[in-house]
Amino acid sequence: MSHTDPALHGHLAPPSLNDLRIEPLGPAIGAQVHGIDLSRPISDGQRDALQAALLQHHVLFFERQPVTPVQQRDLARRFGELHVHPVFPRHPEAEEIIVLDTHADNLPDNDNWHTDVTFIATPPMGAILSARELPALGGDTLWASGIAAYEALSEPWRALLDPLTAEHSFVQSFPAERYARTPAERRQWEQAVADHPPQIHPVVRTHPVSGRRGLFVNEGFTTRIMELKRSESDAVLAQLRAHIAKPEFTVRWRWKRHDLAFWDNRLTQHYATVDYLPHRRVMHRATILGDRPC
């Protein structure tokens, strides 16, 4: 009898669920997942196990997962409805998959600490990123835990931040000088700006599942703290940006082709290093919609 026969594992869980192994990569954030093939449809048990691991570790890494764009889209759909980005290029086989193709003639804009798509009212709960083409060296991505960063602050700092709100702007990361250079791009960009007015989110949000609190401001989209003077807001945001980037709160992943990362976007930030130019780096991302931060 094959070792994958359900009879060897009981009847309550598929055999691949029993093979699933979670290897933590650090105390604050990050884990590697073994024993799953994401090119095949995942079971409800596998989905629930991955959700539980995501809740605990914030970002999960999977090696050697050569998923197609359609497979990646279908995997992401198992965790919620998907976002279609207003300006990033979309894959022709699946419009929910954005293509992040960076090279000397298309410089990246994600080499800062950011949380994806916080310019909408219901920012994503998560995202799944697949490495398609990589430089020989460089191109790592780092993730930071907003929960660990918040919990490390002093009590007076937390008391100051808890009631505050901040503005998140589409234009902050998607300025006209880069994304509206041709007439067609200008029309698309103007429509995106009209469709995405600035949003106000809490500076410290509560995770809707775990109930834990964490920082929810980021360099990519947060423009100002509403209750503070501009100079005060700039100072506080600068301090929080420096704080969350401390190595104690981060994990770094060195990509290999077909690696896949799945992160909880609600209380994490990430930074894509740009140390590989003029070489090329191509990534595919599926973005899973979330709920209104509170």
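**Salt bridges in the predicted model**

Asp264 and Arg266 form a salt bridge, their closest N and O atoms lying 2.9 Å apart; the term salt bridge is used for a side-chain nitrogen of Lys or Arg within 4 Å of a carboxyl oxygen of Asp or Glu. Asp264 counts as buried at 3% relative accessibility, and Arg266 is buried too, with a relative accessible area of 10%. Here, buried means under 20% relative accessible area, exposed over 50%, and partly exposed in between (1.4 Å probe, protein chains only).

Residues are numbered from 1 along each chain as its sequence is written, and side-chain values use heavy atoms, with hydrogens and water left out.

A salt bridge also joins the side chains of Asp101 and Arg280 (2.5 Å, N to O). This pair links distant parts of the chain, 179 residues apart: Asp101 sits in strand β5 (residues 94-102), and Arg280 in the loop between β15 (268-272) and β16 (281-288). Strands (E, at least two residues) are DSSP runs, numbered from the N terminus. Asp101 is buried at 18% relative accessibility, whereas Arg280 is partly exposed at 36%.

Asp48 meets Arg47 in another salt bridge (3.2 Å, N to O), and Asp48 is partly exposed, with a relative accessible area of 39%. Both residues belong to a network of salt bridges that links Asp44, Arg47, Asp48 and Arg78. In total, the structure holds 22 salt bridges.

Note on methods: This is a predicted model: local features need pLDDT of at least 70, side-chain atom pairs count only at pLDDT 80 or more; totals for chains, interfaces and linings use all residues. Helices (H or I, at least four residues) and strands (E, at least two) are DSSP runs, numbered from the N terminus.
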